[in-house]
Amino acid sequence: MLTDPTFVLSMTQSYNHYYIALYVFLGIGVLITVGAFFGCCGVLKESQCLLVSFFCVILIVMVAQIAAGAWAFHNKDKLDDIVRASVKYSVQEEYGQSSMSSRTVTFDTIQKNLKCCGADGPSDWATSRFNNVDRTNIVDIAISSMNVFYNIPESCCKDELKENVCEMSRKLKFGGTFNPAIHQQGCVDKLIELIYENWVLLFGVTAGVILLELLALTFSLSLCCAVRNHQYKA
């Protein structure tokens, strides 16, 4: 995630949003690490102060997770728009650019694995910066659309094709019919379908983590009380 801001997928419309989310996750990770340190030291030294600190840290993390889950569930209807805007921007502005090599590799992987092409379909590549070398501007394309051809990435080709067949199939006519040798469906629908298929699994894993955190809170309180009683009797 630190080296490739496109992974989560990247699913955000700006890098500012991505980095804010990344720093939040890093902060939670650091907080959990500190809490684990407090818990281990508290058990070894039988320190009430450290055990209470562990309890507070885990409680904060758990509340943050519940709040994030509730927000995600409440805003899941906006997921389609977020994914569509992100994928469309990747196709139109970032794919094939030297400064965005990681985005190119990521999107090629998505197209190959999900067997899709472009955001809504292969025609998205007609106005992409990926085709800058083959066109002048959008106005020229609109005026002379009957004579303009555009290229699509190799990852749009179907798996069973030979290399020379794929190379020939990658050149499409603007406004013409698509070659059956390439994938016809856009990646947006495939990605949204994939996310919704794993939505229940994601919430199940989150619920499991929260349950473990509840157990940790319970054990830390029990141990803290046991330490206090032991010190009182001593």
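**Entry 1: terms and ground rules**

I start with a working term: a nonpolar core is a set of buried Ala, Val, Leu, Ile, Met, Phe, Trp, Tyr and Cys residues joined through side-chain atoms within 4.5 Å. Buried here means under 20% relative accessible area, exposed means over 50%, and partly exposed lies in between, with a 1.4 Å probe and protein chains only. This is a predicted model, in which local features need pLDDT of at least 70 and side-chain atom pairs count only at pLDDT 80 or more, while totals for chains, interfaces and linings use all residues. Residues are numbered from 1 along each chain as its sequence is written, and side-chain values use heavy atoms, with hydrogens and water left out.

I looked up pLDDT, the predictor's confidence in each residue on a scale from 0 to 100. The protein averages 77, and 82% of the residues score at least 70. Where is confidence lowest, and where is it highest? Helix H5 (residues 138-143) has the lowest mean, 47, and H4 has the highest, 87. Two stretches stay under 50: residues 1-14 and residues 133-147. Counting a contact as heavy atoms within 4.5 Å, I find 30 contacts beyond four places in sequence for residues 1-14 and 13 for residues 133-147.

**Entry 2: the overall layout**

I counted 8 helices and 2 strands, taken as DSSP runs numbered from the N terminus (helices are H or I, at least four residues; strands are E, at least two). Along the sequence the pattern reads α-α-α-α-α-β-α-β-α-α. Of the 234 residues, 35% count as buried. Among contacts between residues at least 6 apart in sequence, 66% join residues at least 24 apart. The accessible surface, from the Shrake-Rupley method with a 1.4 Å probe, comes to about 14400 Å², and carbon and sulfur atoms hold 66% of that.

**Entry 3: the annotated segments**

The unreviewed UniProt entry annotates "transmembrane region" at residues 20-44, 51-73 and 199-227. Such annotations may be inferred rather than shown by experiment, and their positions are given in the numbering used here, with feature names shortened. I checked two of these spans in the model. Residues 51-73 are 100% helix and 0% strand, with end C-alpha atoms 33 Å apart. Residues 199-227 are also 100% helix and 0% strand, and their end C-alpha atoms lie 42 Å apart.

**Entry 4: the nonpolar cores**

Which residues have the most contacts inside the largest nonpolar core? They are Val 87, Phe 107, Trp 125 and Ile 152, in a core of 23 residues. Helices H3 (79-94), H4 (101-114) and H7 (187-197) each supply at least two of its residues. The largest share, 4 residues, comes from H7.

**Entry 5: aromatic rings**

Rings of Phe, Tyr and Trp (its six-membered ring) pair if their centres lie within 6.5 Å; planes under 30 degrees apart count as stacked, over 60 as edge-to-face and the rest as tilted. By this rule I get 6 aromatic pairs. Tyr 95 and Phe 107 pair edge-to-face, 6.2 Å centre to centre with 75° between the planes. Tyr 95 is in the loop between H3 and H4 and Phe 107 is in helix H4, so this pair ties together parts 12 residues apart in sequence. Tyr 95 is buried because its relative accessibility is 5%, and Phe 107 is buried at 4%. Phe 107 also pairs edge-to-face with Trp 125, at 6.1 Å centre to centre and 75° between the planes. That pair links distant parts of the chain, as Trp 125 sits in the loop between H4 and H5, 18 residues from Phe 107. Trp 125 is buried, with a relative accessible area of 0%. Tyr 95, Phe 107, Trp 125 and Phe 130 form one aromatic cluster.

**Entry 6: Cys 224**

Is Cys 224 buried or exposed? Cys 224 counts as buried because its relative accessible area is 10%. Cys 224 is in helix H8 (residues 199-233) and touches Gln 48, Leu 51 and Val 52, not counting residues up to four places away in sequence.

**Entry 7: two positive phi values**

Glu 46 is not a glycine, yet has a positive phi of about 50°. Glu 46 lies in the loop between helix H1 (15-45) and helix H2 (48-74) and is partly exposed at 42% relative accessible area. Lys 115, in the loop between H4 and H5, has a positive phi near 55° and is partly exposed at 41%.
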